[in-house]
Amino acid sequence: MLTEEEIHNTRATLNELKVEHRDLNLIVEHLVATPLPDQDQLLIHRLKKRKLILKDKIFQLERMLVPDIPA
């Protein structure tokens, strides 16, 4: 069970990660919509990979905040 402080800190971190994920999504959408040289494809790939990492972290933090419900 998490303490109130841990819940507060987890929610704050979760919010920050969601904002970063949203921002990365906007950047990727912009880069994909704009014709780019090949070197920028690597940048898009890295940004998408970072988005996936953030999505996994967000999922983990959300699971921490939701108590297990017995079946």
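Buried means under 20% relative accessible area, exposed means over 50%, and partly exposed lies in between (1.4 Å probe, protein chains only). The model described here is predicted, so local features need pLDDT of at least 70 and side-chain atom pairs count only at pLDDT 80 or more, while totals for chains, interfaces and linings use all residues. Residues are numbered from 1 along each chain as its sequence is written, and side-chain values use heavy atoms, with hydrogens and water left out.

**Fold and surface**

The protein has two helices and zero strands, taken as DSSP runs numbered from the N terminus (helices: H or I, at least four residues; strands: E, at least two). Of its 71 residues, 20% are buried. The accessible surface is about 6,000 Å², and carbon and sulfur atoms hold 57% of that area; the areas come from the Shrake-Rupley method with a 1.4 Å probe, and for residues only the protein chains shown count as cover. Among contacts (heavy atoms within 4.5 Å) with a separation of 6 or more, 70% join residues 24 or more positions apart.

**Core**

A nonpolar core is a set of buried Ala, Val, Leu, Ile, Met, Phe, Trp, Tyr and Cys residues joined through side-chain atoms within 4.5 Å. The largest one has 10 residues: Leu14, Leu17, Leu24, Val28, Leu31, Ile44, Leu47, Leu54, Ile58 and Leu61. Leaving aside residues up to four places away in sequence, Val28 touches Ile44, Leu47, Lys48 and Lys51. In soluble globular proteins, nonpolar side chains tend to be buried together.

**Salt bridges**

The whole structure contains three salt bridges, each a side-chain nitrogen of Lys or Arg within 4 Å of a carboxyl oxygen of Asp or Glu.

| Pair | Closest N and O atoms |
|---|---|
| Lysine 18 and glutamate 62 | 3.2 Å |
| Arginine 50 and glutamate 20 | 3.0 Å |
| Aspartate 23 and arginine 22 | 3.5 Å |

Lysine 18 is partly exposed at 39% relative accessible area, and glutamate 62 is partly exposed at 30%.

Arginine 50 in helix α2 pairs with glutamate 20 in helix α1, linking distant parts of the chain 30 residues apart. Both are partly exposed: arginine 50 has a relative accessibility of 30% and glutamate 20 has a relative accessible area of 31%.

In the remaining pair, aspartate 23 is partly exposed at 33% relative accessibility, and arginine 22 is partly exposed at 47% relative accessible area.
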